[in-house]
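User: I am new to this structure. Please walk me through how its helices and sheets get their labels.

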Amino acid sequence: MKTIAGIILLVAAPATSNPMIVEAPSTWRSLSRAARFNPLASVGIVFIAIFVAFALLAPWIAPYDPAFIDLPHRLAPPSTHHWFGTDELGRDILSRIIFGARISMLVGASVVTGSLLIGLLIGSLAGYYGGRVDRFVNVILMNAFLSFPGFLLAIAFVAFVGPGIFNLILALVIGGWVGYARLVRAQVLAVREREFVEAARALGASDLRILVRHILPNMIQPVIVQGAIGMAGAILAEATMSFLGLGVPPPTASWGTMLNDGRSHLFDSPHLVIFPALAVMFAVLSFNFLGDALRDYLDPRARIEAGL
Amino acid sequence: MALVEVRKLTKIYAAGGMLARGSGFRAVDDVSLDIHAGETLGLVGESGSGKTTLGRLILRLIEPTSGTVIFDGRDVLSGSRGELRQLRRQMQIIFQDPFGSLDPRMRVEEIVTEPLRIHGLNGSPGRLPYVDVSPSTPHAGQERRRSRYRSTAAQLMKAVGLEESALRRYPHEFSGGQRQRIGIARALALRPKFIVADEPVSALDVSVGAQIVNLLKDLQRDFGLTYLFISHSMPVVRYLSTRIAVMNRGKIVEIGSTEEITERPQQEYTKKLLAATPELEVAR
C-alpha cells in the first residue's frame with residue numbers, strides 16, 4: 001500500500017507556535033527619523049505651528065490693535081516701531097497679518113473639515129453599496145459638480161447669498177467636497193474587497209460597523225494627506241475670494257483683503273503687498289510640505305526605502 | 001438529519017465579456033449535498049471549479065441564483081436579517097489568505113473578541129469548550145465586560161496554541177501560520193457548530209500547514225465542530241476528511257467516504273485528480 005509523505009509530515013508536525021515576532025520601531029522614533037529624512041516637512045510643521053499660534057494667541061502676540069487707524073503714520077515703511085510697516089490707514093501690518101492668520105486657519109480648517117465629512121459620507125456610501133447608489137452619486141452628482149470649476153461655483157454662491165465668513169466657508173465646501181468624495185469612493189471600493197471585510201460580514205457585523213471599524217481605518221491615510229494639501233488650497237481660495245471682495249467684510253483683517261487694499265500702492269509702498277503675500281505663500285507651502293511628508297511617511301514602501 | 005442540507009444550489013455570474021456567450025458563467029451548478037454533524041466533508045477540485053463559491057454560498061456570503069441551504073433545520077437563504085445574524089453565530093469561515101483576512105489596523109485582542117462585541121455577548125467565564133456564552137446583562141459594568149473579553153481572548157489564544165502576549169500585537173507582527181491561528185481563534189469565538197475552512201493551509205509552508213491541520217483536528221474534537229474543508233490538495237483532504245466530495249466545473253462529480261474516493265474512485269475526473277497529486281512512494 002502506498003504511504004504518502006504528506007501524511008507523515010502532517011502527523012509528525014507538533015502543533016506548537018513559534019514566537020517569531022517582529023518588533024516595529026516606536027512611533028516617536030520613526031517620526032523623528034522621518035523628520036531628519038525630510039527636512040522640508042520640519043520646516044512646514046514649524047511654520048504651521050507659528051501660524052496656528054498666531055491664530056490662537058493673536059490678541060496677545062500682536063503689537064498693535066489691527067484696526068487702530070493712525071493717519072499721521074500711514075504708509076510707513078518697515079521700521080523698529082512697525083516691523084512690517086503700516087498700510088494706507090496707518091494700521092500696523094504685522095498685527096494685521098497675525099490677526100489675518102485667524103481667518104486663514106479658521107476658513108482653511110472649516111472648509112477641509114466640512115468637505116471631508118461630506119466627502120466621507122457620500123464617497124463611502126457610493127463605494128460601499130455600489131450598484132444603483134453608486135451610479136447615481138458617481139455619475140450624476142459627482143460629475144455634475146466636477147464639470148464646474150469649484151472656484152466659479154464658490155464665486156457664484158457668494159455673489160448669490162452675500163459675503164461673510166460663514167457663506168465663504170459654505171461656498172468653498174460646495175466646490176471642495178467632490179474631490180474627497182471621489183478619493184473616498186475609490187479607496188472604499190478597494191478595501192471593500194479585502195478578506196477581513198468578508199470575515200466581518202461572516203461574523204454578522206452590520207454595514208455601519210464594517211464601514212466605520214474596518215473600512216474607514218484602512219483607507220483614511222490618503223484622505224488625510226489630501227486634507228493637508230486641501231488646507232493649502234482652502235487658504236489660497238480664501239485669500240483669492242477676499243481679494244475679490246467676496247470674502248470677509250473689511251474691518252476684519254484677512255490676507256486677501258490686505259492684498260487688495262495694497263494693490264493701489266504696489267509701486268510706491270510695496271511692503272503693503274509683499275508681507276501678506278509672503279504670509280499666504282508660507283502658509284500654502286507649509287501645508288503642501290506637510291501633505292507631501294505625510295504621504296511619504298504613510299506609504300510603507302517609501303518608508304522601507306528610507307529605512308524608517 | 002444532516003446539519004447542513006444543500007439542495008440544487010446554483011450560482012450564475014452574469015454574462016460579461018466575450019467569453020460568456022450570453023448564458024452567464026455557472027460557478028456552482030445544481031449542487032446538492034449533506035454535511036452531517038461532527039464529520040469533515042472534504043471538498044476537492046481544481047482551481048476555478050467552484051469550491052470556494054460553494055463554501056461562500058452555504059454561508060450566504062454570496063447570494064445564490066437559486067437553490068436552498070438548510071442549516072440545523074433553518075433556511076439560511078430566506079431568513080431575515082435578524083435570523084441570519086443568529087445563524088452567523090453557528091457557522092463560521094476560515095480563510096485561505098492569512099495576510100488578507102485580518103484587519104491590519106486592529107490588535108489581535110480586538111480581532112478575536114469582535115465576534116463577541118458584534119453579538120453583544122459577554123466573554124465566557126470558564127474554560128471555553130464547556131461553557132456556553134450567555135447574553136450580556138444590561139447592568140454589566142464596562143470594566144467587568146472588558147475583563148471578560150480579555151479572559152475569553154486569552155482562552156482563545158490558548159486554544160489555538162498562541163501566547164497570551166500576542167493579544168497586544170498587530171497582525172503584521174506575526175508569521176503566516178500564526179496569523180492563520182488568529183483567524184481560527186476569531187472563527188471559534190462564537191462557539192460555532194460548523195466551520196467552512198477555505199483552503200486554510202494552501203498559503204502556508206508544508207510544515208506550518210501540517211501544524212494548522214493538526215490544530216483543526218484537535219479543535220474538532222474539543223469543540224465538537226463540523227467542517228467543510230475546501231482544498232485542492234488531495235493528501236491534506238484525505239488526512240482530515242471523513243467524506244470527500246469532488247467538484248468539477250461547478251458540479252459535484254463524485255461524493256463518498258474518504259476510502260471510497262481515494263481507493264476506488266468511480267469517475268474519470270476523480271482518478272485524474274488523484275493521479276495529478278504529487279505523492280512520494282515510501283518504501284515499505
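**Helix and sheet labels**

Analyst: What covers the buried residues of α10(A) includes α4 (93–129), α9 (207–243) and α11 (271–298) of chain A. This is a predicted model, where local features need pLDDT of at least 70, side-chain atom pairs count only at pLDDT 80 or more, and totals for chains, interfaces and linings use all residues. Residues are numbered from 1 along each chain as its sequence is written, with chains lettered from A and ligands numbered from 1 in the order in which they are written.

User: What makes helix α10 of chain A largely enclosed?

Analyst: A residue is buried if 20 or more other C-beta atoms, placed from the backbone, lie within 10 Å of its own. Seven of the eight residues of α10(A), residues 255–262, are buried, so the rest of the structure largely encloses this helix. Among them are A:Trp255, A:Met258 and A:Leu259.

User: Why are β6 and β10 of chain B said to stand at the edges?

Analyst: Two strands pair if DSSP finds at least two bridges between them. The open sheet runs β6-β7-β8-β3-β9-β10 in chain B, with mixed pairing. β6 (91–94) and β10 (251–257) each have a single partner strand, so one side of each lacks a neighbour in the sheet.

User: How do you know that β9 and β10 of chain B pair?

Analyst: Six bridges join β9(B), residues 243–248, to β10(B), and the definition asks for at least two. They therefore count as paired. The two strands run antiparallel. B:Arg243 has B:Ser257 as its bridge partner in β10(B).

User: How many bridges pair β1 and β2 of chain B?

Analyst: β1(B), residues 4–13, and β2(B) pair over seven bridges in the antiparallel sense. One bridge partner of this kind is B:Val31 in β2(B), for B:Leu9.

Methods: A residue is buried if 20 or more other C-beta atoms lie within 10 Å of its own, exposed if 12 or fewer, and partly exposed in between; C-beta atoms are placed from the backbone. Helices (H or I, at least four residues) and strands (E, at least two) are DSSP runs, numbered from the N terminus. Two residues are in contact if their C-beta atoms, placed from the backbone, lie within 7 Å.
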